[in-house]
Amino acid sequence: MPRLTTPMPGSPKPSEELAGSSPAGDAAAPVTVQGAASAELFGPGVEEKMRITGLNFFYDKSQALYDVSLRIPTNHVTAFIGPSGCGKSTFLRTLNRMFETVKGTRVEGDVRLDGEDIFDLDVTSVRRRVGMVFQKSNPFPKSIFDNVAYGLRVNGGLSRAQVAERVERSLVRAALWDEVKHKLHESAYGLSGGQQQRLCIARALAVDPEVLLLDEPCSALDPIATAKIEELLLGLADSCTIVIVTHNMQQAARVSDYTGFFLMGKLVEFDRTEQIFQAPARKETEDYVTGRFG
Amino acid sequence: MTSAGRRRRRDAVNNVMLTLTGLSTLLICGLLFFVLGYLFLKGASTLDWAFFTELPKPVGETGGGMANAIVGSAKMLALATAIGVPIGFLGGVYLAEYGQKGFAFVVQYLTDLLNGVPSIVIGIFAYTVVVLRMHHFSTLAGGVALGIMMIPIAVRSTEEFLHAVPRGLREGALALGAPKWRMLATVVVPAAKQGIITGIMLDLARVAGETAPLLFTSFGNQFWSPGFNQPAASLPAMIFKYATSPYADWHRQAFAAGFVLLMLILTINVSARLILSRSRLSRAR
């Protein structure tokens, strides 16, 4: 996939004949997301990993997500962008049912992983298949090895040799092995911020998730650490479906194949990344990606 | 007022406050050292090997010791820990991790109430429930009374240290597919472990000096008290008995016992603080 830079203000507006798009600026009509559910969006050979239909999210009485529908493509990087408070993190947390750890949250709608309703599956098995990396790295107060092995031991069924082998493989996939292989039994807290975040990625990868969710994983990191993580995500996408939430548009443009734009709890537009950044269908999207607000 | 004048005024206020707070600190430390020093002067000379190994001798005979009181206190404190710590710890885990709004509030309130119950009332309770049933005083009754006193502080300190574990750690474990109980047992409690242990040690130190509940539960014993079913001597109760007696020799022994008890409590307190400060240092980056 060609990578892009963000467009300059004043780039040509898209024609309004694009299939399924609402006229820009039509606030009264319900949001029909440009191509989000259409079969043509994904192109040949790209399968659907997760399908979200009509998702509404409530914190007690207030609503945070309104009728979100989209499909996540397998083994590609999908990014979600939008201003603070637009609901993209909330949306991410519904994909692995992490919202259930907070009291007073409620969800309506359908979320399917490989066609199965995640609310019918056992929650721990959903979370094993759909891993998550958080904004602020959260290594356990254990050794580096024990951190990565944690998920493996929770799920059980592996011999010590198998655990050790999986730990090494995950650390290699997370581009951290060379830096820690000589100190696996030291505390994870001795690592730098960027290394800790890669450790969290290794920890999430150890259980071989089908999907990896990343919630603004680089927002607390310096540019060099950020670049390392972006590079590793691009490499991971061949074997894992990546979904990343980011407030950094340039990152979304660099890293993702598909991008969704959230605004005030609604999915305004979802399309291939180059469309979103070069020829967005909606005015709100264009305003956002050209930096007119947010 | 000129700027120089304001400066002088600021300096003066500064000095006054520094003096006041410094004096208060000196007073507090002074009190502690005074008590320690007084007990040491009055009692340390009576401390000898016999004090720790021999039974009390009848009045008029010199020598003897409080070995039975030391062992009795140790047994009662062990029993108190065995009763108070599991209940307190599990209660604290419940409050911190599973509590529903209304019920948890009630439990917290009742725990704080229990903490405020005078120790002699707890003694009466243990008397009614254990001593009257068994028809005699016992180490068991003393241990039960002390154990009940340990529960509220164990609950609150466990709860507080569990709350201090960052939310991110819990989410990280849950996101890997760990069920809640496992997340608690393998990530949260180990992370709070040092604080919880410290809280329990301080709890123990506080309970070690309690006298009133022991007066009519374990009562006292001039001799060894094997097992848990017989009346037993304890350091606080012996101090009470010897200090209020008319015999100078017993007064000296009471001071010695007081000194030993104070050193025990001080040691527990200081080690607890050291453990806690070491864990705080290793956490801070």
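Predicted model: local features only at pLDDT ≥ 70, side-chain atom pairs only at ≥ 80, totals over all residues.
View 1. Followed along the sequence, chain B reads α-α-α-α-α-α-α-α-α-α-α. Its secondary structure amounts to 11 helices and zero strands. The radius of gyration of chain B is 24 Å, well over the 19 Å that the globule rule gives for 285 residues, so chain B is more spread out than a compact globule. Its C-alpha trace spans about 70 × 65 × 30 Å along the principal axes. Buried residues make up 39% of the 285 in chain B. Where contacts in chain B join residues at least 6 apart in sequence, 75% of them link residues at least 24 apart.

**View 2. The open sheet of chain A.** Six strands of chain A lie in the order 6-7-8-3-9-10, with mixed pairing. Strand 6 (130–133) and strand 10 (266–272) of chain A are the edge strands, each pairing on one side only. On average, neighbouring strands of this sheet are turned by 15° against each other, direction ignored.

**View 3. Pairing of strand 6 with strand 7 in chain A.** Strands of a sheet pair through backbone hydrogen bonds, in either a parallel or an antiparallel sense. Here strand 6 and strand 7 (residues 211–215) of chain A pair in the parallel sense, over four bridges. At one position, A:Met132 has A:Leu213 of strand 7 as its bridge partner.

**View 4. Helix 1 of chain A across the sheet strands.** Helix 1 (residues 88–95) of chain A lies across strand 3 (77–81), strand 6, strand 7, strand 8 (241–245) and strand 9 (258–263) of chain A. Relative to strand 8 of chain A, helix 1 of chain A runs at about 150°.

**View 5. The largest nonpolar core.** This core has 141 residues. Those that touch the most other members are A:Ala202, A:Leu213, B:Ala145, B:Met150, B:Leu235, B:Met238 and B:Ala257. With 14 residues, helix 6 (residues 139–163) of chain B gives the most to this core. Leaving aside neighbours within four places in sequence, B:Leu235 contacts B:Met66, B:Ala69, B:Ile70, B:Ser73, B:Ala257, B:Val260 and B:Leu261.

**View 6. Contacts between chain B and chain A.** On one side are 14 residues of chain B, in contact with 21 residues of chain A. Helix 7 (167–175) and helix 8 (180–208) of chain B each supply at least two residues of the side of chain B that touches chain A. Helix 7 of chain B gives the most to that side, with six residues. By class, the chain B side has eight nonpolar, three polar and three charged residues.

Terms used
Residues numbered from 1 in each chain as written. Chains lettered and ligands numbered in written order. Rg over C-alpha atoms; globule rule 2.2 N^0.38 Å. Buried ≥ 20, exposed ≤ 12 C-beta atoms within 10 Å, placed from the backbone. Contact = placed C-beta atoms within 7 Å. Pairing = 2+ DSSP bridges. Axes fitted to C-alpha atoms, helices over the stretch in contact; angles between N-to-C directions. Core = buried A, V, L, I, M, F, W, Y, C linked by C-beta atoms within 7 Å. Nonpolar A, V, L, I, M, F, W, Y, C, P; charged D, E, K, R; others polar.
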